[in-house]
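Here's a quick tour for anyone meeting this structure for the first time. Take a look at it, then read on.

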Amino acid sequence: GRLSELCHQNGLKLSIEGYGTGPFDCLPYAGRADIVQGEFWMGALPHWVWTKQMASAGHTYGKSVVAAEAFTAQDEAKWKNHPFRLKELGDEVFTLGVNRMVFHRYAHQPWLDRKPGMTMGPFGINFERTETWWEESRAWLTYLARCQYLLQQGTFVADIACLMPERAYDSYYMAAPVHVNTPPGYDHDALSAELLNQMTVQNGRLTLPSGMSYQVLVLPQATRMRVAQLRKIKQLVEAGAVICGPPPLRSPSLADGPEADAEVRRLADELWGDCDGVDVLEHHFGKGKVVSRLEGTVLWTPDFSVQGGEAGKQVRFIHRQVGGKDVYFIASNQGEASTFYCNFRVVGKRPELWHPDSGQIEQVALYRQDAGVTRIPIRLDPYGSVFVVFNNVKPEAEPVESVTRNGAELSYLEPKVLTTDCLGKLDALSLTVAEGGYRVETTEPGTYELKTGSGKSFSAVVGESPKPLEIEGPWEVFFPKGWGAPEQVRFDKLISWPMHSDAGVKYF
């Protein structure tokens, strides 16, 4: 905190990677920074711990920017990285709450005639002017910039706050936010004991000064809690909060001696009822209640879900509220294109697709709203992503709820379990709002009929696509100078690079 004061006195901002093996409490330590920062590495490292914990500090302490040391690598880099190889991991950390990439790293290149040039030993993304794709990197950087800009707006949406234990540092503390076993379709923040004291209950939700609010507070899986902390929890429950977790048995502090342990047990008996363990399902106290588990007891409809088979594990999400808009970022972890039937816990707003790769904005035409959920089929490219923005304005065209091709149903927007046969039938179809009507784009010819929720019908006839053009005869390829390839190569037919005998071409 003192370092932050000194920085501000001298016109500086403070950024902290607030975790590691140190004698400090990670969340309030990071919360003293102007810019909270995590990190993530290429490979199987626990980046979800570092990034989620630091994102929680940013959300709960009111920091709009959550940065991350990005794409740090070890021996697996070796100049093999490129934007498509990096995209899935980058999108994943966006969904964990990061909204500013700090590349690790750009190495100084002192020569003009040596490539690929200098590295930082085995570490780093290898992102510098000597990369073969450096001149083509604008599209990827623009994509990241658009994502970061939107994800820095408004307020993060989460249902669960996970109270961190007050204890000496150990690996449990660092991993605690992901050990809560948050049910699919919900999101959470880690909460420091310091901020628990600033929590209030407003309209049944646990609210922080930063503007964050939660449906339920999950207690740490610990047997010890200070008396002051347990009294604060009692006040929150009396005011209408929902608390989930086991009752504490004693105090972790020597303050107040054995009387503290007795007071902990007395307060726990009040809150959890006369129970000897954690098997109690639900106990009402004041205006609120204490429950022993999340699922099936207190949580509302999932904030986001995907129907059909394993699809729920194939799409990640993060939700923010920006003014009157609900903004979801969803990203596929699949290496092939797929159509996903996505459910969003929003109704009464116009859904739009904001494409961060192209900057294009489309009004969704095919969707259904009922039971507090908007259901939209969304096609994502391999490792594809999109922002789904629910705008608080009137739709320009009535939503389409049914699409048939030559009389066969393509869309299944009824709230029912989708079969494997249903999935993928919309893969060849794009349906958007255009000039107050509808625009149908498809690779499958036929007669398409659209029906709205009010029963109106529209039809479109799509003809055969033109046949692809074949490249025949010899052709020439020109290579840039100084990269080890001939300046010009003539081919009699199309071949793949590895088949070429010239090493300068083969490894280009």
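This is a predicted model: local features need pLDDT of at least 70, side-chain atom pairs count only at pLDDT 80 or more; totals for chains, interfaces and linings use all residues.

Buried means under 20% relative accessible area, exposed means over 50%, and partly exposed is in between (1.4 Å probe, protein chains only).

Residues are numbered from 1 along each chain as its sequence is written, and side-chain values use heavy atoms, with hydrogens and water left out.

**The chain as a whole**

- The protein chain has 508 residues, and 49% of them count as buried.
- Its secondary structure comes to 10 helices and 31 strands; these are DSSP runs (helices H or I, at least four residues; strands E, at least two), numbered from the N terminus.
- Among contacts (heavy atoms within 4.5 Å) with a separation of 6 or more, 66% are between residues 24 or more positions apart.
- The accessible surface is about 25400 Å², with 51% of that belonging to carbon and sulfur atoms; the areas come from the Shrake-Rupley method with a 1.4 Å probe, and for residues only the protein chains shown count as cover.

- Setting aside neighbours within four places in sequence, Ile-233 is in contact with Leu-163, Leu-196, Leu-219, Met-225, Ile-243 and Leu-271.

**Aromatic pairs**

- Rings of Phe, Tyr and Trp (its six-membered ring) pair if their centres lie within 6.5 Å; planes under 30 degrees apart count as stacked, over 60 as edge-to-face and the rest as tilted.
- Searching the whole structure turns up 21 aromatic pairs.
- One of them is the tilted pair of Phe-71 and Phe-103, at 6.2 Å centre to centre with 50 degrees between the planes.
- Phe-71 sits in strand E3 (residues 66-72) and Phe-103 in strand E4 (residues 100-103), so this pair ties together parts that are 32 residues apart in sequence.
- Phe-71 counts as buried because its relative accessibility is 1%, while Phe-103, at 24%, counts as partly exposed.
- Tyr-328 and Phe-390 make an edge-to-face pair, 5.9 Å centre to centre with 75 degrees between the planes.
- That pair links distant parts of the chain, 62 residues apart: Tyr-328 is in strand E17 (residues 325-332) and Phe-390 in strand E23 (residues 385-391).
- Both Tyr-328 and Phe-390 are buried.
- Ring pairs also link Phe-40, Phe-71, Phe-103, Tyr-106, Phe-127, Trp-133, Trp-134 and Trp-140 into a cluster.

**The six-stranded sheet**

- Two strands pair if DSSP finds at least two bridges between them.
- Six strands make an open sheet with antiparallel pairing, in the order E5-E16-E17-E23-E19-E20.
- Strand E5 (155-156) and strand E20 (361-363) are the edge strands, each pairing on one side only.
- Strand E19 (residues 350-354) runs antiparallel to E23 and is joined to it by five bridges; Arg-350 stands opposite Asn-391 in E23.
- Helix H5 (residues 138-151) lies across strand E16 (315-322), E17, E19 and E23, at about 35 degrees to E23; axes are lines fitted to C-alpha atoms, for helices over the stretch in contact, and angles run from 0 to 180 degrees between N-to-C directions.

- Strand E12 (residues 242-244) runs parallel to E14, joined by three bridges, with Cys-244 opposite Val-291.
- Strand E13 (residues 282-285) pairs with E14 in the antiparallel sense over four bridges.
- E13 and E14 form a hairpin with two residues between them, and Gly-286 in the turn has a positive phi of about 60 degrees.

**A buried loop residue**

- Gln-215 is in the loop between strand E10 (213-214) and strand E11 (216-218), and counts as buried at 6% relative accessibility.
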